[in-house]
Amino acid sequence: MKPSKPGLPGPAVKPAKPAKPAPVQPSAYEVLFTFDDGPRLDTTPQALDTLAQYGVKAVFFVNGVRFAGKGREREKARELMRETIRRGHIIGNHTVHHKFLCGKLGPTIGEREITENAELITEAVGQPPLLFRTPYGSHCASLSLTLKKLNIHPIGWDVDPQDWRLQDADKIYDFMVQTLRTLRRPRSILLFHDVQPATVAMLPRLLKWIQDENVARRERKQPEIKIIDYNYLLNTQPPGLLAPSRAG
């Protein structure tokens, strides 16, 4: 490089870019377990037993078509919902028939599907559902208007293993382990289906893995995976306001 002449400025020197600060890790990565589409008489009790073994409290979003009406099986389903509440979980509204509420019929059937299921749940367990999840996580202008009218914030999710599609305990487990191992959100809502036998079969392995993973993380002084309950969703107006309204 040639030296600059007297009185003339030297070559421009670009200032060094400040180093980006390292992302701040949370004290723990919080996860909430939620289950859709029940109750189912053979699989939901197994899920409840596993959750009890590990002290986990979850949200069960139910469909009225599974427990409404007369008959021994329907009464067993309603009793199962009452048992779910006795065990410390909460029942959420997932509509009567699990129909897509953003299709052509959505504006016509949406409010009825939601309010009738709320009535069925209230009749079955003695208390109204405080949380709602729209079928398929659907989101559209007409449904938003309906939910605003009913003062409802829909509960979405952050992690979806698509257990309904996989229907394979090993694949669901592998997906969840990989996802939980690399969590970046401070808090995540997990989506499962207690009507899927493979999910219920996978659940003890997953909870045991979280338990063992936390032991290793404590030794490495890394943030643990903390399973939380649903109370933070109930302390907003409307309930669930801090939750994602759709998959994300």
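A: Let's start with helix α6, which covers residues 169-181 of this predicted model. Its 13 residues reach 18 Å from the first C-alpha to the last, close to the 18 Å expected at 1.5 Å a residue. The buried residues of α6 are Ile172, Tyr173, Met176, Val177, Thr179 and Leu180. Looking down the axis of α6, you will find these buried residues within an arc of 165°, so they line one face of the helix. Behind such a pattern is a simple rule: an α-helix has 3.6 residues a turn, so residues three or four places apart point the same way.

What covers that face? The cover over the buried residues of α6 includes the strands β1 (28-38), β4 (187-193) and β5 (224-227), along with the helices α5 (163-166) and α7 (197-220).

Now over to helix α3 (residues 106-125), where glutamate 113 sits. Glutamate 113 is buried yet has no salt bridge. Lysine 99 is the nearest side chain of opposite charge, and it is 5.0 Å away, while a salt bridge would need the nitrogen and the carboxyl oxygen within 4 Å. Glutamate 113 does have a polar partner, though: its side chain joins that of histidine 97 in a polar contact of 2.7 Å. Leaving aside residues up to four places away in sequence, glutamate 113 touches Thr95, Val96, His97, His98, Lys99 and Leu101.

Two of those neighbours deserve a look of their own. Threonine 95 lies in the loop between β3 (90-93) and α3, and it has a positive phi of about 75° although it is not a glycine. Threonine 95 is buried, with a relative accessible area of 0%. Histidine 98 is also placed in the loop between β3 and α3. Its phi is positive too, at about 55°, although histidine 98 is not a glycine. Histidine 98 is buried, with a relative accessible area of 17%.

Finally, have a look at two cis peptide bonds. One runs from glycine 38 to proline 39, with omega near 0°, and proline 39 belongs to the loop between β1 and α1 (44-54). Another joins glutamine 237 and proline 238, with omega about 0°; proline 238 is found in the segment after α8 (231-234).

Technical notes
Residues numbered from 1 in each chain as written. Predicted model: local features only at pLDDT ≥ 70, side-chain atom pairs only at ≥ 80, totals over all residues. Heavy atoms only, no water. Helix = DSSP H or I, 4+ residues; strand = E, 2+ residues; numbered from the N terminus. Expected span 1.5 Å × (residues − 1). Buried < 20%, exposed > 50% of the residue type's maximum accessible area, 1.4 Å probe, protein only. Arc of directions from axis to C-beta. Contact = heavy atoms within 4.5 Å. Lys, Arg positive; Asp, Glu negative; His and termini not counted. Polar contact = N/O pair within 3.5 Å; in protein donor to acceptor, adjacent residues only side chain to side chain.
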